[in-house]
Amino acid sequence: MTERFTTGFHPFVIPFLAGMVFVLGVCLIKAVIAVRELDGTDRKKWFLSLLHPNLIVKNTIDIILDCLIHVRLWKRNRLLGFMHSSIAFGWFMIILLGHLQVLMFFPERLGTFYYPIFFDYFIEGGQHTWISRIMDGFLILVLAGISLAIIKRFWSRIFGMRRTTRPTLYNLIGLYSLWAIFPLRFLAEQCARAGDLSVSLWWAYSIALCIFMVVLPFGRYLHIPAEMLLITFRNAGVGITRPHKGMARVQADSCPNCGVCIDACPMNADPANLKDSTVYLTRQFRRGNRERVREISDKCLLCGKCTSVCQVGVDGPRLRILARAARKYNIAPDFSDAGTATVVRAENKVLYFSGCMTALTPKTGRSVESILKKAGIDYEWMDRDGGLCCGRPLHTAGRLKEASQLVRRNEELIIGSGAAVLLVSCPICYREFKENYRLPGIRVVHYADYFCELMDKGLLCFEKSDACYVFHDPCELGRGCGIYETPRKLISKAAGIAEAPKNREESICCGGSLGSLSLDFSRREKITRASLENLYGSKADAIATACPLCLATFSRYSDRPVKDLAQIIDEQTEKI
Amino acid sequence: MNGNIVIIGGGIAGMEAAKALLALGHTPILVEASRTLGGHVASWHKLFPDMSSAKNLTARLQSEISGANIFTDTRVISLNRLVDGYSLKLSNGIVINASALLFATGFNLFDAAKKEEYGYGVYDRVITNSDLEAWFSGKEDRRVPKVPESIGFVHCVGSRDLKACNGQCSKVCCATAIKQAIEMKERFPYAKVYCFYMDLRLFGKKYEDFYVNAQRDYGIQFIRGRVSEVGETFDGRLQLKAEDTLSGKPLKVCLDLLVLMSGIVRNRSIEELSDMAGLETDSDGFLRSADNEYAVIESNRPGIYYAGACTGPKTVPETVAEARSAALAIHSYLESL
């Protein structure tokens, strides 16, 4: 193995080097901007996390698993997983082994950067080392991935994707240059190995690399470096606290535009909403199109399904809530002295908070009360005659200050009651209590969990009915708070249970969500009907849910009975 | 064809049309699904604005159509279109070939339990307009207290309400609520009576007088604002929350009885039949008239006519007028064959 040229240089390496300098410079600047935009405490947390040995290991493992192997994508779609990991991991290994090869055999050339990239041009007989053979193997792997990518571009249905994003010009340039890089490298290497040292293929290879790197910061491929930063941010516990900035920017940049969220989005039951999925939100974020960002943010139901299917963990709902928070209102209601209602006394008892929506579905509240009585629980109903809102609707509308005023008032009322347990029947309230309330010493529990405990303790005596229910996972209860099992356990005690094709994390929003600020009634109907179609797909003859809003929404259009979980339990239990 | 006329539905529309057709020399066949004739009106106590007895009206009509062929407790189970008419099979096994059909299939009352926030079927003191009429007519109802101190009426329950999947105005409930409020006030002079409305649509002859009387002579209180929710107090009374949109303030009222003005919705049980006949449905869910200005009683099929609330909410005088006009139209149609 010998060097062909003593100079070790040819002008065709210049495009590659220029692209490399450009992309590294831009990414560095972007990273510095994002870090500077973090809140002071978050920034400190992040710096410290980079020194923490456990987090260093975790960051490394996460980056390998998520960015190179694409484990999450494998779980969702094996073909897509193979395609992405073969390109990412294959390419990474070629770069790594290439540098290793130069380090082992020509350590003095390591500083050139371009030697590993154009190895076969500068070195004669390089292909005979073991390391070269492994690299050839990885190149074949990458080429296989690229072939799949080309097939997918024109025939995405065989990958199980109904809809995919329309690429922008930058993305198209990036895509075609990426496709060109590896076949060109393969051809150039093969020619060089056969003794043909014409430089045209090497020029083409270098230019393809240059184009790819130059468009990288402007298109979807920015997700490659951004996701690495995102992983370190996430592991350090950095959250989205500012609209458009800091973590929000990094999340938007980390979106690979894969379009998995388009098929997942429940709004797409109506084609008019096709351009309002999270993938388009991040795209408009990057473009700085504030008007479209506002429009997309306002429309969303905040069901969280895009986040549950997202490969990089872009938090679509949170991005939108903060985008909404950036809006200025002329009138700001003041709730800081709201709630003159006297504090309900409930020393060491269960305090039941039913919430505003349950006031509109009184059967639910009554059933909860009846079950508590049957089980012999000592309780007080905090808002039987009306109470304060939990704050969730203001929170999702982006009116964070007003929401926190309500939260603080409710905290005072709840802590003042002396209760030991706060029982909640509405998952919308429950999520707010879980995420934004500080109630030291008080256990906050949703009735599904609580009644399941009562059942396990033998305090509820069930009689199984012949009916068969399909359980609709409410967004806030399932994806929002991770409660999937206890409702099913309770239903299976009370009656038969069947599953809908899409359930649990993949459950489809009922369309009634408080999350959307701009979807009007008729457009919600389409979403509701699509969600009902999914539930009709089970063999059940009735629908069960555990959210007053889902209940009211489904009851409107459903051709079969819809009941709240509490009502089903109440009907099928007897006093012991 | 034989010149047979089949009238589907034996409410006041069907009966009035039968009467008019008898007078024109025909012998119509009247098919009614329930056991008795008279439809919704037969279960009503008094009619507005003259407070005449609804029973007298239906009984008189019934006596006047004894010459017609009447099948009660009978449904049309299939309907075939022939070249020059229609062939109907009834649930009693009879097959009729008819030259002309009259749809007088009426309406359904909105199921008030669907508006769960009003508590119908949940709380003991909530009834509907039709429950109250039945009680007026002497039917026992333990939900109506012996001496109520305060009574509330909620207008537009399931009408003009997209959330209840009914966008249209039911037309008659404003006047019905006023009529029922007056009747309650007459029975319980010391009770406070409230009407919660979003608009008062008192378009008919003497309706406005009715409204003025209710306020001036009976002291019934009209509050503009939709009821948001109804709860139950510990002693079994009702607590109603609403907004008084004229004063811009939320309000809470304690009630002993709440009456929900269930609106008029399309009769779902005729969907299959209208499909078999090839009739079209309008955007509001009711049967579609040939046009809504000049030809309300005409359908898109030759020989099929409409009368009454099958094409949308109607008052009694409108229904009766349509029935007579449809009878005349059928007569002319048969003459032209």
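Which residues of H1(A) are buried? Before selecting them, note that this is a predicted model, in which local features need pLDDT of at least 70, side-chain atom pairs count only at pLDDT 80 or more, and totals for chains, interfaces and linings use all residues. Residues are numbered from 1 along each chain as its sequence is written, with chains lettered from A and ligands numbered from 1 in the order in which they are written.

Select helix H1, residues 13-37 of chain A. Helices are DSSP runs of H or I with at least four residues, numbered from the N terminus. The buried residues of H1(A) are Val13(A), Pro15(A), Phe16(A), Gly19(A), Val23(A), Cys27(A) and Ala34(A); buried means that 20 or more other C-beta atoms, placed from the backbone, lie within 10 Å of the residue's own. They pack against H9 (200-215), H10 (223-236) and H11 (247-254) of chain A.

Next, select H3 (residues 53-69) and H5 (residues 78-105) of chain A, whose axes come within 8 Å and cross at roughly 120°. Axes are lines fitted to C-alpha atoms, for helices over the stretch in contact, with angles from 0 to 180 degrees between N-to-C directions.

Now select Ile491(A). Leaving aside neighbours within four places in sequence, Ile491(A) is in contact (C-beta atoms, placed from the backbone, within 7 Å) with Tyr469(A), Phe471(A), Ile497(A), Ala544(A), Leu565(A) and Ile568(A).

Finally, show both chains: eleven residues of chain B are in contact with ten residues of chain A.

Methods: Helices (H or I, at least four residues) and strands (E, at least two) are DSSP runs, numbered from the N terminus. The expected span of a helix is 1.5 Å times one less than its number of residues. A residue is buried if 20 or more other C-beta atoms lie within 10 Å of its own, exposed if 12 or fewer, and partly exposed in between; C-beta atoms are placed from the backbone. Two residues are in contact if their C-beta atoms, placed from the backbone, lie within 7 Å.
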